Amino acid sequence: MTTVAPESDVRRHELAEFLRSRRERIAPEQVGLVRGRRRRTPGLRREEVAQLSAVGVTWYTWLEQAREIQVSPQVLDALARALMLDASERTHLFSLAGAVDPAAHTPCATVTPALRAVLDQLDPVPASIQNSRYDILAYNSTFGRLLCDLDGVRPEDLNCMWLAFTHADWRAAVVDTAEVNRVMAAKFRASMAEHLSEPAWKTLLARLEGASAEFREAWARHEVVGPGAKVKYIRNAHVGLLHLEYTNLWLGPAAGPRLIAYVPRDERTRERLERLRDLSRAGV
């Protein structure tokens, strides 16, 4: 007689193997860690994943050993970010754990239908809704083509900090990239002060440090800058140089989500934004 393992046992072992395989494919440098001469483990060590995810080393070890322990959606979210899972891998992780993904490609609760309507009404003024971590939660058609083609960016990469330091098109559109990014890093440090222990923030910081020497240099300055309006020049790939002033409209407490609009400073810029809106709506 053949004994069939319970489905829960199969799921736990599949989850353990999946976590191990994802951990072993990530180089320490990708998450801002030093490899060291004596490292024998392929990819990350268990304790490093635990640290990046803000969970206990013993608990994570038990998870990779397929022990019968409960895993919350919040911890799975932290693990998905620490292991740099793409959308399909993240879905697979939550499926194996038998949990509901709280961020499974559903509209953010912050972005109500009314706010989306406001974004659309602001066209051709580029506008987006962002949280304090600089995740881009929603945007109108003009903002979607302002610095790069946001519709082509992976959902997990829709973050202004990540795009500013790693996306070639975004960086090419920013006039005086080095200075703008230095200030962005200082704003990010100020914003992170209230979120130092949160896994999502720690994972984004580790990704940035692992991916960009420019960010590491800016971060090491320990500069702090608060949010505020500022004049910007953006060299758009489709319509040319734009002279803009961006402003924040807070949707809640000052440290929370906000609507950001880029208002044209002159008539030429307004005309070019209208062209950019038309190109965006035409799918160019």
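This briefing describes a strand hairpin, a residue in its loop and a cavity in the structure above. The model is predicted: local features need pLDDT of at least 70, side-chain atom pairs count only at pLDDT 80 or more, and totals for chains, interfaces and linings use all residues. Residues are numbered from 1 along each chain as its sequence is written, and side-chain values use heavy atoms, with hydrogens and water left out.

**The hairpin**
- Strands β1 (127–130) and β2 (136–139) pair in the antiparallel sense over three bridges; pairing requires at least two DSSP bridges, and strands are DSSP E runs of at least two residues, numbered from the N terminus.
- Ser 128 has Tyr 139 in β2 as its bridge partner.
- Five residues separate the two strands of this hairpin, and Tyr 134 in the turn has a positive phi of about 70 degrees.

**Arg 133**
- Arg 133 lies in the loop between β1 and β2.
- Arg 133 has a relative accessible area of 12% and is therefore buried (under 20% relative accessible area, 1.4 Å probe, protein chains only).
- Leaving aside residues up to four places away in sequence, Arg 133 touches Arg 81, Asn 159, Phe 188, Ala 200, Trp 201 and Leu 204 (heavy atoms within 4.5 Å).

**The cavity**
- The whole structure holds one cavity of 30 Å³ or more, where a cavity is a set of points on a 1 Å grid over the protein atoms alone at which a 1.4 Å probe fits but cannot get out, and lining residues have an atom within 4 Å of a point.
- The lining of the largest cavity includes Arg 81, Met 84 and Thr 203.
- Its largest share, three residues, comes from α10.

Notes: Helix = DSSP H or I, 4+ residues; strand = E, 2+ residues; numbered from the N terminus. Buried < 20%, exposed > 50% of the residue type's maximum accessible area, 1.4 Å probe, protein only. 1 Å grid on protein atoms, 1.4 Å probe; cavity = no way out; pocket = protein on both sides within 12 Å on 5 of 7 lines; lining within 4 Å. Points joined across faces, edges and corners; volume = space filled by probe spheres on them.
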